[in-house]
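Please read the following walk-through with the coordinates open.

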Amino acid sequence: MEKKFKIICLFLFIGILVSVVINLNTGFLKLNFSDFFSSGSAHSEIAQLRINRILVMLLAGISIPTSGFLLQEYFQNPLAGPSVLGITSAASLAVAFYIFFSQDFLLPEFLQNSFLSFSAIVGSLVLMFILIGFSGRFQDKSFLIIFGFLISALAGAVVSILQFYADNQSLKNYILWSFGANNMVSSNQIIILSLLIFAGLILSFKSIKPLIGNSLGSSYAQSFGVNLNALKYLIIIASSLLSASVTAFLGPVLFIGIVVPHFCRMIYNPAKLWQQWILNMILGILIMETFSVISEISQLPLNVITSLFGIPVILTMIMKKR
Amino acid sequence: MFLELKNTTIGYQSSLISEVYTSLELGEICLMIGNNGVGKTTLIKSILHQIPVLSGEIILNGKNIRKLSVKEIAEQIAIVFSKSQIPQNYTTTDLISLGKYIHYPYYFELLEQDKNEVDSIIEELGLRQYKDVQLSQLSDGNLQKAFIGRAIAQNSPFIILDEPTTHLDEENKITILQLLRKLAKEQNKFILFSSHDWRLAKEFSDKIWYIKNEKLHSGITEDVLLQHSELVQPKLFHLDGDFLPPNISAPKFQTEMLYSFLQKNYKKNLSDLNFEFIDGFWMISASGFQQKADNFKEIASILENLR
């Protein structure tokens, strides 16, 4: 079994390397080797953009599947994903508010983008604290799913109202954000993004063992010494941080958060959560890098690509399994 | 004394079982009986310190459980609950390996020696061919064995099982009960299990905890049975002089098997028949007078098939 895991990882790593190289070479211009290494060369700025693109996809590939994986294992429900807690909706709502009400302010362009991400993060974090506040009063974890569902519905309604009254430019900006932007993330933003994700990953690391202990249900978990309350908060905070930060910078590209964990369970023993987590991250990177290439070639938004390509693949996998 | 209950009252808001004084030793197997809702599971959860005791104390291996951390309790007690969620993707090996969970800081990968131990437990339980089978595809009996295997793998001296034989057929019940007895005797474990199928289970236990009217009566199996006449099958008759009982040799613990077999195959009321196992033979007799020889013949022919 161990050997099989190593082989799978090796293959995925090779895949990642290939996709990264292809990704670096995809775009409007042909770049030379030197463009990536010397800052003085003609296209070094474009090279920097592409490197950023790859880094962002790497971060997204690590964080979104992790977030989905944690939630699926916690709720023991393969349909759970980063969107179930309402994080995406809260982020969308905050972004919508920001876009539709900021049209009268004149902000320099570089700030505009940052404020947009900032509002998305604030929106998600506010929701996260509301969730934590409420979840303490409810012992049943299915409450969290209901709560997330209600928040999503509410946020959707408010966003619709805002769209209804918005002017054309704001509407277009919002829709563009909701498509998932791929190559507009600056180096500074990447640093912020990676800090947030790093924090999320540390919390994820702490929650894997209690999650294993939780697999037989709460009575057994308690008898193994799992602190169920602590686990609940760990999961909420970790998955919120991971999904909110990516949503903020890339738009709602969370679909792979449901698909990747499912995929990983098909290729390796689903009971080994540590291995599953590692698989989720490397498979996530591979998929995000690949989708980024496809999105770049086809000029279609990332969000569309993930669904367009992801769903048929997962469907055929499920059919074959049955 | 390994487990001691001193003036313990347990329950949720109101007390379910009050003022319990009892104790148990390693190597003993103790059966807990009582009707539904008398507080068997509550008592188990109290011993695990998942529910606080209302008053008095529970002493585990010389220490009050209130002073023990959850992990320290887990090192002493392994548990098999009557119901739990069954993780769909787990194989038998995954489940039994989970017994090692508390001994690892991260539970990333089992050490070689632990893997071997898990393997030998699987072997011992006769689950080898189901080693890599998913739990959802196991029969109820094998699933129960796998959960017991997990508790064994935990290596705690004390194993508690809540209703381990529910939903099992007679044969599997006996296998599980034999297994529990073997564990207690050969590995010097202390086993506490509850069952409402006490007629069969009592044959395997050293002691009984009998919960009735908010009190726990404890003692050596035979004593408790003597003190509480409702626990013994009512003696409705004595040996009838005219009757020649059919001879069937069966081990003592199969009383219940025989009884349920007759219940299924013999449509008439069994309550006024008596079964006794004397010198390797079943003696069956009726409360006398009206029940006549043809009834007995019918039973005899049913029992012939058992042979």
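In chain B, six strands form an open sheet with the order β6-β7-β8-β3-β9-β10, and the pairing is mixed. The edges of this sheet are β6 (77-80) and β10 (215-220) of chain B, each of which pairs on one side only. From one strand to the next, the twist averages 15°. The model is a predicted one, and every value in this account is computed from it.

Chain B has another open sheet, of four strands in the order β2-β1-β4-β5, with antiparallel pairing. Here β2 (15-24) and β5 (63-64) of chain B stand at the edges; each has a single partner strand, so one side of each is left without a neighbour in the sheet.

The pairing inside this sheet can be followed residue by residue. Strand β1 (residues 3-11) of chain B is joined to β2(B) by six bridges, and the two run antiparallel. Opposite B:G11 stands B:S15 of β2(B), while B:L3 has B:L24 of β2(B) as its bridge partner.

What packs on the four-stranded sheet, touching β1, β2 and β4 (55-60) of chain B? Helix α1 (residues 40-47) of chain B does, and its direction makes about 125° with that of β1(B).

Chain A is built in another way, with 13 helices and zero strands. Of its 322 residues, 47% are buried. Among the contacts in chain A with a separation of 6 or more, 79% are between residues 24 or more positions apart.

Helix α10 (residues 228-250) of chain A has 23 residues, which at 1.5 Å a residue should span 33 Å; the C-alpha atoms at its ends are 33 Å apart, so the two values agree. The helix α10(A) is mostly covered, with 19 of its 23 residues buried. Just after α10(A), A:G251 takes a positive phi of about 85°.

The two chains touch through 19 residues from chain B and 17 residues from chain A. On the side of chain B that touches chain A, helix α2 (residues 70-76) of chain B gives the most, with three residues. By class, that side of chain B has twelve nonpolar, five polar and two charged residues.

Nonpolar packing is the next topic. In soluble globular proteins, nonpolar side chains tend to be buried together. In this model the largest nonpolar core has 160 residues, and those with the most contacts inside it are A:A60, A:V95, A:L283, B:I160, B:L180 and B:I191. The largest share of this core, 13 residues, comes from α10(A). Which residues does A:L283 touch, not counting residues up to four places away in sequence? They are A:L12, A:P65, A:V260, A:F263 and A:C264.

The last stop is a loop position. B:D132 has its place in the loop between α4 (112-124) and α5 (140-153) of chain B. Is B:D132 buried or exposed? B:D132 counts as exposed because 11 other C-beta atoms lie within 10 Å, and the cut-off for the exposed class is 12 or fewer. Leaving aside neighbours within four places in sequence, B:D132 is in contact with B:T91 and B:T93. B:D132 and B:S69 are 63 residues apart along the chain, and their C-alpha atoms are separated by 34 Å.

Conventions. Residues are numbered from 1 along each chain as its sequence is written. Chains are lettered from A and ligands numbered from 1 in the order in which they are written. This is a predicted model: local features need pLDDT of at least 70, side-chain atom pairs count only at pLDDT 80 or more; totals for chains, interfaces and linings use all residues. Two strands pair if DSSP finds at least two bridges between them. Axes are lines fitted to C-alpha atoms, for helices over the stretch in contact, and angles run from 0 to 180 degrees between N-to-C directions. Two residues are in contact if their C-beta atoms, placed from the backbone, lie within 7 Å. Ala, Val, Leu, Ile, Met, Phe, Trp, Tyr, Cys and Pro count as nonpolar, Asp, Glu, Lys and Arg as charged, and the others, Gly among them, as polar. The expected span of a helix is 1.5 Å times one less than its number of residues. A residue is buried if 20 or more other C-beta atoms lie within 10 Å of its own, exposed if 12 or fewer, and partly exposed in between; C-beta atoms are placed from the backbone. A nonpolar core is a set of buried Ala, Val, Leu, Ile, Met, Phe, Trp, Tyr and Cys residues joined through C-beta atoms within 7 Å.
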